[in-house]
Amino acid sequence: MATEGMHDVNWHKIFPKRIPVILRDLAPQNAFNPTNLWPEEAAAGGAAPATSPDAEKGKKEKKDKKAPVLKKADLIRLQLAKDLEEKKAKQDEEKLSNAKFVNLMDMKMATAAGRMKQLYEIKKEFLAKKNYIDAVDTLWEIQHTTNAPTEDEVVVHKKYKKYAKKAIDYLKDTPLIPFQLTEMSDRLPPLNLHHMNKFILDKWQKEVLTHIDQKHSVVVCAPTSSGKTVLSSYVSVIGGKVLFLAPTEPLVWQVAALFQAMVKGTVALVTKGTVFLPEGFRICVGTPAAVESALLDIGYDQSMHYQRACRLWGWPHVDDIYV
């Protein structure tokens with residue numbers, strides 16, 4: 001065999017240097033960062049944090065006090081905000097009154113009531129064409145966006161009540177699970193007809209994130225692809241050292257690539273065949289057996305007191321526990 005041009009390569013030295021590049025190439029192009037969404041939803045009332053009795057007492061005392069008298073400047077601001085909402089509502093009405101069905105789907109509404117009326121108009125056209133699958137898809141979008149309807153939205157619901165009933169009657173006596181699997185299997189978000197390309201946290205995710213913000217330990221029992229990785233990615237970007245245990249080596253590489261795309265600094269990786277511990281790493285991803293063998297290397301001593309270990313590893317995360 002010809003050996004010309006071949007060189008003796010020390011893979012033990014070269015491979016570790018290549019791992020950050022490999023993780024970079026494995027990472028998704030648009031890694032979802034939950035910190036871009038959770039503070040926004042939390043501020044909007046995503047999940048109510050636990051309150052102490054003293055806090056509840058304080059709230060009651062504040063409630064008993066008389067509401068402060070609004071100043072003239074406050075009244076002016078309120079009136080300006082009201083005028084702006086009325087202007088937006090008028091613009092929505094003009095758009096919808098001049099629209100044909102071809103561009104109804106592409107129109108951007110300025111108010112929640114305008115968006116609701118747009119969806120009903122679209123559903124009305126689907127029902128007229130006996131396109132019941134798209135009508136049901138639109139019905140579910142309407143139901144999804146009406147958790148706390150405003151007065152204007154309630155008026156819209158009443159106006160289009162009969163069209164909602166037609167779609168609901170179509171589903172009458174229909175087992176929903178087989179219907180979704182057979183007729184709408186290609187319409188799960190974000191593939192559904194009216195998806196707005198915005199990630200929305202589920203209620204249980206908001207509850208878990210609230211516990212994480214309060215530094216509580218949390219155990220999540222949820223099926224595959226339900227959104228558990230969102231929680232671990234949130235932990236990885238809010239700071240502190242993170243130890244992430246994954247059941248398989250391919251998943252270790254996948255998670256490490258995701259984390260490296262989201263955080264500054266290099267991610268440590270520990271598997272049966274690879275132990276990569278860069279200097280100053282904050283996040284370590286590995287399989288349980290491999291991490292157990294490398295506990296001293298990653299900075300954990302079994303003789304260490306539990307509380308000290310918790311301070312060292314602020315966020316130990318175990319992905320998938322089978323019982």
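How many of the 323 residues of the protein chain count as buried? The share is 33%. Keep in mind from the start that this is a predicted model.

## The chain as a whole

Welcome to the structure. The protein chain holds 15 helices and five strands. It exposes about 22,400 Å², and carbon and sulfur atoms supply 56% of that area.

Contacts along the chain tell another part of the story. Among the contacts with a separation of 6 or more, 62% are between residues 24 or more positions apart. Val 21 has its place in helix H1, which covers residues 11-26.

## Helices H6 and H9

Let us turn to how some of the helices pack. Two packed helices are described by the angle between their axes and the distance between the axes. Helix H6 spans residues 112-128 and helix H9 spans residues 161-170; they pack at an angle of about 55°, with their axes 10 Å apart. H6 and H9 are therefore oblique to each other, and their crossing is left-handed.

On the H6 side, the contact involves Tyr 120, Lys 123, Lys 124 and Leu 127, which meet Tyr 163, Ala 164, Lys 166 and Ala 167 in H9. Sorted by class, the residues of this contact of H6 with H9 are five nonpolar, no polar and three charged.

## Helix H7 and its two partners

Helix H9 also packs with H7. The axes of H7 and H9 come within 10 Å and cross at roughly 115°, in a left-handed crossing. From H7 come Tyr 132, Ile 133, Val 136 and Leu 139, and from H9 come Ala 164, Ala 167, Ile 168 and Tyr 170. The contact of H7 with H9 has eight nonpolar residues, with no polar and no charged ones.

The other partner described here is H10. The axes of H7 (residues 132-144) and H10 (residues 176-183) come within 12 Å and cross at roughly 120°. That angle makes H7 oblique to H10, and the crossing of H7 and H10 is left-handed. In this contact, Ile 133, Val 136 and Trp 140 in H7 meet Leu 176, Phe 179, Gln 180 and Glu 183 in H10. The contact of H7 with H10 is made up of five nonpolar, one polar and one charged residues. Ile 133 and Val 136 take part in the contact with H9 and in the contact with H10.

## Two lysines with a positive phi

Which backbone angles deserve a look? Most residues other than glycine have a negative phi. Lys 130, although not a glycine, has a positive phi of about 60°. Lys 130 is found in the loop between H6 and H7, and it counts as exposed because its relative accessibility is 60%.

Lys 215 also has a positive phi, near 60°, and is likewise a residue other than glycine. Its loop lies between helix H11 (203-213) and helix H12 (228-237). With a relative accessible area of 67%, Lys 215 is exposed.

Definitions and conventions: Residues numbered from 1 in each chain as written. Predicted model: local features only at pLDDT ≥ 70, side-chain atom pairs only at ≥ 80, totals over all residues. Heavy atoms only, no water. Axes fitted to C-alpha atoms, helices over the stretch in contact; angles between N-to-C directions. Helix = DSSP H or I, 4+ residues; strand = E, 2+ residues; numbered from the N terminus. Parallel < 35°, antiparallel > 145°, perpendicular 65-115°, else oblique. Left-handed = near helix turned anticlockwise from the far one by under 90°. Contact = heavy atoms within 4.5 Å. Nonpolar A, V, L, I, M, F, W, Y, C, P; charged D, E, K, R; others polar. Buried < 20%, exposed > 50% of the residue type's maximum accessible area, 1.4 Å probe, protein only. Areas by Shrake-Rupley, 256 points an atom, 1.4 Å probe, with all protein chains shown as cover.
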